[in-house]
Amino acid sequence: MKTSQVQKLTLLALMIALDVVLSPIMRIEGMAPMSSVINIIAGVLLGPAYATGMAASCGILRMLLLGIPPLALTGSVLGALLAGWGYRLTGGQVWGSMVGEIIGTGILGSLLSYPVMVWFTGSQQGLYWLIYTPRFVGASFIGAAMAGFVLFKLKETRVFKKAQALFMEMTHKEA
């Protein structure tokens, strides 16, 4: 295995570990803003494909280890994907990643959560289409603000630029 592949997998594993450990610690009831922070950082650092894989892995781990319902997946995977795409579509602007996370997690993820939870619980009682939207939007806004602050400082470091170059180099080869 090449050194660059080992570095990519190591960074991906580090992002997964950070999300799985920090999300339950930095939690507001029914909201996981740290998941949005990590999604945005992953979208900027790793790109859309790796960020989505990271979010899916984290959701599955949180479901298995912490007993969190499928909301761990519905809320995070679309946010990570759109965070990566938003960063790319805006030419490397952090705000593009932040907007992608808010749309992906806050809006689309919250709306996707309703049918998933109806299926998961087997009941519609007490659930309505927009039940998750206020919390998901709130968490993604809080997470976006935190990620923006962190990335403002982090983007200027040599280590961050070097790590980001690993993933940018790979995506240009695939295109």
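Which residues lie nearest the centre of the second largest pocket? The legends below begin with that pocket. This is a predicted model, in which local features need pLDDT of at least 70, side-chain atom pairs count only at pLDDT 80 or more, and totals for chains, interfaces and linings use all residues. Residues are numbered from 1 along each chain as its sequence is written, and side-chain values use heavy atoms, with hydrogens and water left out.

**View A. The second largest pocket and its lining.** Leu11, Leu45, Val159, Phe160 and Ala163 lie nearest the centre, among 13 lining residues. A pocket is an open set of points on a 1 Å grid over the protein atoms alone, where a 1.4 Å probe fits, with protein on both sides within 12 Å along at least five of seven lines; lining residues have an atom within 4 Å of a point. The space amounts to about 250 Å³ (the volume filled by probe spheres set on the points, which are joined across faces, edges and corners). Helix H1 (3–25), H2 and helix H8 (158–174) each give the lining at least two residues. Helices are DSSP runs (H or I, at least four residues), numbered from the N terminus. The lining has eleven nonpolar, one polar and one charged residues. Here Ala, Val, Leu, Ile, Met, Phe, Trp, Tyr, Cys and Pro count as nonpolar, Asp, Glu, Lys and Arg as charged, and the others, Gly among them, as polar.

**View B. Helix H2 (residues 33–45) against helix H7 (residues 133–154).** Their axes lie 7 Å apart, at an angle of about 50°. Axes are lines fitted to C-alpha atoms over the stretch in contact, and angles run from 0 to 180 degrees between N-to-C directions. Residues in the contact include Ile40 and Val44 of H2 and Gly143 and Ala147 of H7. Contact means heavy atoms within 4.5 Å. By class, the H2–H7 contact has 13 nonpolar, three polar and no charged residues.

**View C. H1 against helix H3 (residues 48–66).** The angle is about 45°, and the axes are 9 Å apart. H1 and H3 are therefore oblique to each other. Among the contact residues are Lys8 and Asp19 of H1 and Arg62 of H3. The contact of H1 with H3 divides into ten nonpolar, two polar and three charged residues.

**View D. Lysine 155, in the loop between H7 and H8.** Not counting residues up to four places away in sequence, lysine 155 touches Tyr87, Gly92, Val94, Phe160 and Lys161. The C-alpha atoms of lysine 155 and valine 94 are 9.3 Å apart, with the two residues 61 apart along the chain.

Methods:
Parallel < 35°, antiparallel > 145°, perpendicular 65-115°, else oblique.
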